[in-house]
Amino acid sequence: MSETKAAPTPQEIAAHALTRAMEYADRAGRFAAHDTAHSLRDNGAAITVYSGLATVYAEIAKAATALASNA
């Protein structure tokens with residue numbers, strides 16, 4: 001027998017997405033924390049990717065929060 005798992009609530013989605021956004025923003029910050037031009041040049045792609053992921057997850061959290069508020 002398989003159990004049917006309930007769909008996550010908008011609040012759960014928002015909390016998960018916000019957690020991910022913070023994790024990715026932290027990773028981008030760690031890559032950007034290097035204080036030499038050489039390190040920043042080498043880490044530019046990682047900074048861009050992690051910043052982008054943080055933005056996407058932050059937007060998901062914002063949309064889920066709006067959905068929860070309108071429900």
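Which residues do ring pairs link into a cluster? They are Tyr24, Phe31, Tyr50 and Tyr57. Before the details, a caution: this is a predicted model, where local features need pLDDT of at least 70, side-chain atom pairs count only at pLDDT 80 or more, and totals for chains, interfaces and linings use all residues. Residues are numbered from 1 along each chain as its sequence is written, and side-chain values use heavy atoms, with hydrogens and water left out.

The protein chain has two helices and zero strands; these are DSSP runs, H or I of at least four residues for helices and E of at least two for strands, numbered from the N terminus.

Now the rings. There are three aromatic pairs in the structure. Rings of Phe, Tyr and Trp (its six-membered ring) pair if their centres lie within 6.5 Å; planes under 30 degrees apart are stacked, over 60 edge-to-face, and the rest tilted.

Tyrosine 24 and tyrosine 50 are stacked, at 5.9 Å centre to centre with 15° between the planes. Tyrosine 24 sits in helix H1 (residues 10-32) and tyrosine 50 in helix H2 (residues 37-70), so this pair ties together parts 26 residues apart in sequence.

Tyrosine 24 also stacks with tyrosine 57, because their ring centres are 5.8 Å apart and their planes at 25°. That pair again links helix H1 to helix H2, 33 residues apart.

As for burial, tyrosine 24 counts as buried at 16% relative accessibility, and tyrosine 57 as partly exposed at 24%. Buried means under 20% relative accessible area, exposed over 50%, and partly exposed in between (1.4 Å probe, protein chains only).
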